[in-house]
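Biologist: I would like to learn how to read a few local features in a model. Please take them one by one.

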Amino acid sequence: MSIKLKQGEFVGSLDCGTTSIRFIVFDQYANIVSQHQLEFPQYYPNPGWHEHDPEEIQGISEQCITQACAKLEEAGWAKESVKVIGITNQRETTVAWSRATGKPLCKAIVWTDSRTKNTVAHFEHLLATTGIEVEPGQFKTGEEGVEALRDITGLKLSTYFSGIKLRWMVDNYSEVQQAHDKDDLLFGTIESWVAYNLTGGVQGGIHISEVTNASRTLLLNLRKLTWDERLLTFFGFRRSILPKLVSSSEVYGHLSRGPLKGVPIGGLIGDQQGALVGNKCLRQGEAKCTYGTGAFLLFCTGKDIVNSSHGLLSTVAYQPGPGATPVYALEGSIGVAGGAIKWLRDSMGFIKSASEINTLAASVPDTGGVYFVTAFSGLLAPYWDPGAAGLLIGLSSYTTPAHIARATMEATAFQTRAVLESMKLDSRTKLEHLKVDGGMTNGDVCMEILADIGGFDVVRPDMRESTALGSALLAGSAIRLFGWDISKPATLAEVNTKGSRTFNPHMPEEDREKGWTTWLRAVERSKGWDEGVYE
């Protein structure tokens, strides 16, 4: 006898992270009705290299959708209850595939990958000498060139951004170079690749790029939200390789197969901006920090682009619909946060599971004088040193794995403070509290360390799937499901109203400042280790 399944109204979110993928089904209050998560392989073929297989990402994405739908039906709900889905993704990770076959031409280069140091050095030299054309026949060189690039993109030259990774692919993989020259190359970040395949792939799939992801490529004009011909000329790309630009909230297409065949895709957003939306930091002056593989602090600046003088990036926070006025943010990007815990587990064998780090770190009252600069792929904000190297300093015969575990947690806290110090100078605003989410925030010890080192209150919501929720809100808003309208925050008042826990600082100010000063000394020692970057 078959059981009649209930019909409801839900929104799905496909969260394509750096090490795992999950599909979550939310109700109108952001309660999780069903979910499924799977990890996928990481490839490190050379020092500083980090790759993903795009086809594995796609396959696992579809597995997560299928299994979450099966769990939904096990809970008594028909899969037709999912009315729309959103997609959120690890940003900057770069995929190159064939227009003719729809197949990847090489493995994806992950955002953490630092193989492109010399590509960055090449373009730094080009900026210093030839410069960038800002008007027909008018070039800006040297520091003026650097400022011109930042004025157009909001970014600086770094291994971090997609355009640099794509240039390396074209220069080093003959398959990619030939595809570019023969106009067979399609470029995209992860949301481009996944949306292309979910809507049919080579059989009519859409080739699109959402603006928050596009703003991380070094190819987008941040003010106009258009691909910029000056940047394409500077980096040497054909325009035809680029996806169509779309907003963060609109119906882009429909799923072409699987249990949700025919369901619209209505929201796309980079994961860190997704967490900003999911935390409902939609107004100027609101901020959040997400602690995953890396850590990312975004401060909403409203409709204004704020150019940082202290090592932060200007970026798109979200665009609420086609042609709508975008909302911008200042961002501080920390390359390694939870990634260092994974390193302690997988490479060093200090712990068997990530959660064990809390118990290990709590077994000692301090780090025993150990400091850990987690510059596995150089340092991002606010230092921007691709030649920096990971550094454990202050080791002695007294040092134990527990001290190193605690120093790993402190490293994330110190880097958060460094970003907040820059944000305070740029925005002329001191944050009294910081909203947090992401896997690292599950541990109370980590949050207590963050509050003590930062000297501010840390607010952790009970429902911490903020990244996935952000894309769900944008998707629901696209079809006005539940009356949601991302441009009218009041319509989201009943979303995720569960409680939160606040962690207050207890460390004496003198100890806090002593630790901060020593951390800065450690950072200086890690800088410039990879001298070949500057030759």
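Modeller: Trp384 is buried, at 13% relative accessibility; buried means under 20% relative accessible area, exposed over 50%, partly exposed in between (1.4 Å probe, protein chains only). This is a predicted model, in which local features need pLDDT of at least 70, side-chain atom pairs count only at pLDDT 80 or more, and totals for chains, interfaces and linings use all residues. Residues are numbered from 1 along each chain as its sequence is written, and side-chain values use heavy atoms, with hydrogens and water left out.

Biologist: What is the phi of Trp384?

Modeller: Phi of Trp384 is near 55°, a positive value in a residue other than glycine. Trp384 sits in the loop between S21 and S22; strands (E, at least two residues) and helices (H or I, at least four) are DSSP runs, numbered from the N terminus.

Biologist: How should I read a salt bridge?

Modeller: Side chains of opposite charge can pair when their charged atoms come close. The criterion is a side-chain nitrogen of Lys or Arg within 4 Å of a carboxyl oxygen of Asp or Glu.

Biologist: Is Asp171 buried or partly exposed?

Modeller: Asp171 is partly exposed at 47% relative accessibility, whereas Arg167 is buried at 13%.

Biologist: How many salt bridges does the structure hold?

Modeller: The structure holds 28.
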